[in-house]
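Subject: Handover of the structure

Hello,

I am passing this structure on to you.

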Amino acid sequence: MLRSGAYVFVGVVAFTGPGAGATAWAVVAYAIGGLALLLWGLTEAFGERPAGQLPLIQGLFAVAAVVCGYASAFVHTGPLVAISLMIIMDLGTESILPVGWAVAGGTVVAIETGVLVAGASDGLALGYPALVVMVLIASHNRRAYRVRAEQSAALLAQSELLRAEQRRVAVLDERTRIAREIHDVLAHSLGALSIQIQAADALLTDHQDIDRAVTVLAEARRLTADGLTETRRAVHALRADIAPLDEELATAADTHRQRHGGAVRLRVEGEPAPLSPDQALPLFRTAQEALTNAAKHAPAQPVEVTLAYKADHVTLTVDNPLALPDPGRTGDRPEFATVDAGYGLTGMRERLLLLGGTLDAGVRDGRWCVRAEVPR
């Protein structure tokens, strides 16, 4: 609309003003300029590429700018230079720089040629080329502004995509953390429950001790309730922080003594320091898993738990003697033993790796040792 309005205004001033005379060059230049502006508008409205990047449109614009620049040097047709300026502004903004400079240079040459042919004043010979240069510089500034705006829009879109991806990754990490915590809780609870059920089975099958079997089954029911409570806490994303790690380990040691009758000695080395939940919880779950395995595979054997605070890391060690075979027991079923595929320790190792920590488990000097370490 702005181009159309400017085009009509130039025609009114050039051909209907006082003393105006329509020369052949002026009419041809005005018609070519109008055709160029019309094609430019249609291409912008319906074309897939910007008009300033199409060779045909660029050629037509170059011809129109040069012809209008030549015609503007004659008497009463000076306003036609405005069409040349509009063309140079648009080409300098949307075309490559050589095209804009070439059209501007051709227009300046045409103006100077028209000045020589028409015998125009020196002011026009200097003023119109100066206008062309100023418009060309303004078009480059406009082009730079448009490029920056497009780059800013692209960066904004990339930032939005990055934030969306970060939110998605955060959700997946949270889901993985909750799933891992549920796995650990269930592995510990079901492992302890399995021991109680096997104890009740042994009491009923081997000893026919109904009273003790009932007591063991009551303990199994309590373990089930505790497991459901822990699982519910994990499902709710485990928002609550755990107590200091040494206190949690002392509680776990007391629970192990009460449930399984095995002695547990807890040692704390170094100066206790607060740990983040992401650091303390995997160590606590490792201790729970190790105590459960000790109750499964080495019942009634003493367990030593050592928590060592070092300058750059915290180490948890849980070790117990290997179970000795019972010579007085008959049959091929080991007492209170279950099949353990080792997924609990594997899950602990994965959790610690995410923190840059390590976990080792194996036989050392006739004892089963689990050692976990996290950096501080």
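First, a term for the surface: patches are made of residues with over 30% relative accessible area and no salt bridge, where like charges are joined within 9 Å and nonpolar side chains (Val, Leu, Ile, Met, Phe, Trp, Tyr) within 5 Å. A salt bridge, in turn, is a side-chain nitrogen of Lys or Arg within 4 Å of a carboxyl oxygen of Asp or Glu. Accessible areas come from the Shrake-Rupley method with a 1.4 Å probe, and for residues only the protein chains shown count as cover.

Now the ground rules. This is a predicted model, so local features need pLDDT of at least 70 and side-chain atom pairs count only at pLDDT 80 or more, while totals for chains, interfaces and linings use all residues. Residues are numbered from 1 along each chain as its sequence is written, and side-chain values use heavy atoms, with hydrogens and water left out.

**Overview**

The protein chain has 10 helices and five strands. Both are DSSP runs, numbered from the N terminus: helices are H or I with at least four residues, strands are E with at least two. The chain has 376 residues, and 39% of them count as buried. Buried means under 20% relative accessible area, exposed means over 50%, and partly exposed lies in between (1.4 Å probe, protein chains only). The chain exposes about 20,500 Å². Carbon and sulfur atoms supply 63% of that area. Take the contacts (heavy atoms within 4.5 Å) with a separation of 6 or more: residues 24 or more positions apart account for 70% of them.

**The surface patch**

Leu 35, Leu 38, Leu 39, Leu 42 and Phe 46 form a nonpolar patch on the surface. Together they have about 500 Å² of accessible area. Phe 46 belongs to helix H2. Its relative accessible area is 71%, so Phe 46 is exposed.

**The cores**

A nonpolar core is a set of buried Ala, Val, Leu, Ile, Met, Phe, Trp, Tyr and Cys residues joined through side-chain atoms within 4.5 Å. The largest one has 36 residues. Phe 61, Leu 80, Ile 83, Ile 87 and Ile 88 touch the most other members. Which elements give two or more residues to this core? They are H1, H2 (24-46), H3 (55-71), H4 (81-94), H5 (97-118) and H6 (122-207), each a helix. H3 supplies the largest share, eight residues. A second, separate core has 27 residues, including Leu 245, Leu 249, Ala 287 and Leu 307.

Look at Ile 88 next. Leaving aside neighbours within four places in sequence, Ile 88 is in contact with Val 103, Ala 104, Thr 107, Val 132, Val 135, Leu 136 and Ser 139.

**Helix H4**

H4 has 14 residues. From its first C-alpha to its last, H4 reaches 20 Å, close to the 20 Å expected at 1.5 Å a residue. That expected span is 1.5 Å times one less than the number of residues. Is H4 largely enclosed or open? Because 12 of its 14 residues are buried, H4 is largely enclosed by the rest of the structure. Among the buried ones are Ile 83, Met 86, Ile 88 and Asp 90.

Not counting residues up to four places away in sequence, Arg 3 touches Leu 37, Trp 40, Glu 44, Met 86 and Asp 90. Arg 3 and Met 86 are 83 residues apart in sequence, yet 7.8 Å apart in space, C-alpha to C-alpha. Arg 3 is partly exposed, at 22% relative accessibility.

**Salt bridges**

Side chains of opposite charge can pair when their charged atoms come close. The whole structure has eight salt bridges. Here are three of them.

- Glu 304 pairs with Arg 265, with the closest N and O atoms 3.3 Å apart. Glu 304 lies in strand E2 (residues 303-309) and Arg 265 in strand E1 (residues 264-269), so the pair ties together parts 39 residues apart in sequence.
- Asp 319 meets Arg 367 at 2.7 Å, N to O. This pair links distant parts of the chain, strand E3 (residues 313-321) and strand E5 (residues 367-375), 48 residues apart. Asp 319 is buried at 15% relative accessible area, whereas Arg 367 is partly exposed at 26%.
- Arg 267 pairs with Glu 269, the closest N and O atoms being 3.8 Å apart.

**One backbone detail**

Asp 365 lies in the loop between strand E4 (358-364) and E5. Its phi is near 55°, a positive value in a residue other than glycine. Asp 365 is exposed, with a relative accessible area of 80%.

Best wishes
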